[in-house]
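Colleague: Please take me through the helices and salt bridges of this model.

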Amino acid sequence: MSVNIPGVIVLLIFYLMVLGTGIWASFKSKRKHKKSSATAMEMTLLGNRHINLVVGIFTMTGGTLSVVLDLSFSVCIWTSAAVAIIYTVMGGLYSVAYTDIIQLILIFIALWICVPFVLMNPHTLDIRETLMNNTLHAPWIGKPELKMTWLMIDDFLFLALGSTAYQSLHQRTLSASSTAIAKKTCIVASIIYPIFGIPIILLGAAVSSTDWNQTTYGSPSPYERGESAMAMPIALQHLTPAYISIIGVGCVAAAVMSSADSVLLSASSVFTSNIYKDILRPQASDRENQWVVRASVVIVGVVGTSLSYLKHSVVLFWFLGAELNYVIIFPQLICVLFFNISNGYGVVMGLFVGLLLRLLSGDTYLGLEPVIHFPGCTLEDDGYVQYAPFKTISMLSAIAAILLFSYLSSVLFNKGLLPEKWDMFKVKVQHSAVPLTPVGSHGDSEKFQSDMSQPIISGRE
């Protein structure tokens, strides 16, 4: 097939529009910096804490382009990555925030434009009929089974709570112009976010209700070919007119860059603030740290884009990263927010306990057989399958380990049972041993907000 020239032109216009917005935001950031007393690092990573409600809401909320445009995989991936890297390097959080506005508006409009054309395709059955009935394929809603109950609860908690530990989320809340704006941003974004999922569900239902043998795609279906991850671009290419698929291209490109720029800035800020500045070069100047942020954005962008060539591994990396957040980072967040006793010793042991328990529970992506068989673990065709909420069990075990070992270490050092010279995390000077009572005062919340950019393992509250 020949290259989709109109689609390429539309995509180039979109890229130029996003890049122009990012460059404009970088100049806006520089003008704001001259008028404020904020450091360059604070401008880059937190937008001088002056991100307003509207911009904040938008900032909260790879290979698919090659399917629609018939361009090579490399061209699509590296073009999207290059645009995201350039405007993130130039403007930091300001560029990410303002380009997110364009990207998410385009995603919302383009999805709702494409959905009716997919649903009304003559080869797509009424999704109401295929909801629970066996027609061309199995019912698209699936068949809930009693034995899957705990796994569904586990996945729900994993997706709902695990995301609260993401660096990018807290980078947005800390960049808000006030605590009230930060709260409103989270609340409004949580309401808007599910709305973006509705057209995706409808597209997935349509793909599962289509007689693919009657389309230009042919048989078997995307699911049977192992291409279910590419269902959206396949639907745009084969179930909509050419001019509609071009609109869908912009939607896909926007989704790619909206995620990529947040990841780039998040990863570079973690490395610069918690590793380079605090460990490698504490004496580094603000200007030097800002250049480290920029270099980190480029390096992370290049490495991350290179990993996209491992097509099956991209999904694997995403799930592994999400589970590490849920099992390791989320327990640390809970403990540092609500329990004064938490310290570096507890964090280290919580990391060890949570990670070990998760690995011993088995992982199909890594090919690990379960060593610990929780209640309900069943031997099936492909090996043992856990039906207990093993991810949540690992997370709760990590929280318990953090609190237990934090309390024990505090007692041992404060009562002189261990010499102070062994106290590498300085728990004796930070506080005395106290009961495991939740933090509830307003002052504690403000103190946590001021320390969010610091690594928890440093032993500070």
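Modeller: Buried means under 20% relative accessible area, exposed over 50% and partly exposed in between, with a 1.4 Å probe and protein chains only. This is a predicted model, in which local features need pLDDT of at least 70 and side-chain atom pairs count only at pLDDT 80 or more, while totals for chains, interfaces and linings use all residues. Residues are numbered from 1 along each chain as its sequence is written, and side-chain values use heavy atoms, with hydrogens and water left out.

Colleague: Is Asp 155 buried, partly exposed or exposed?

Modeller: Asp 155 has a relative accessible area of 34%. That value lies between the limits of under 20% for buried and over 50% for exposed. Asp 155 is therefore partly exposed.

Colleague: Which residue forms a salt bridge with Asp 155?

Modeller: A salt bridge requires a side-chain nitrogen of Lys or Arg within 4 Å of a carboxyl oxygen of Asp or Glu. For Asp 155, the closest N and O atoms of the pair are 3.1 Å apart, and the partner is Lys 391.

Colleague: Where in the chain do Asp 155 and Lys 391 lie?

Modeller: Helices are DSSP runs of H or I with at least four residues, numbered from the N terminus. The pair links distant parts of the chain, 236 residues apart: Asp 155 is in helix H6 and Lys 391 in helix H14 (residues 390-414).

Colleague: Is Lys 391 buried or exposed?

Modeller: The relative accessibility of Lys 391 is 6%. Lys 391 therefore counts as buried.

Notes
Helix = DSSP H or I, 4+ residues; strand = E, 2+ residues; numbered from the N terminus.
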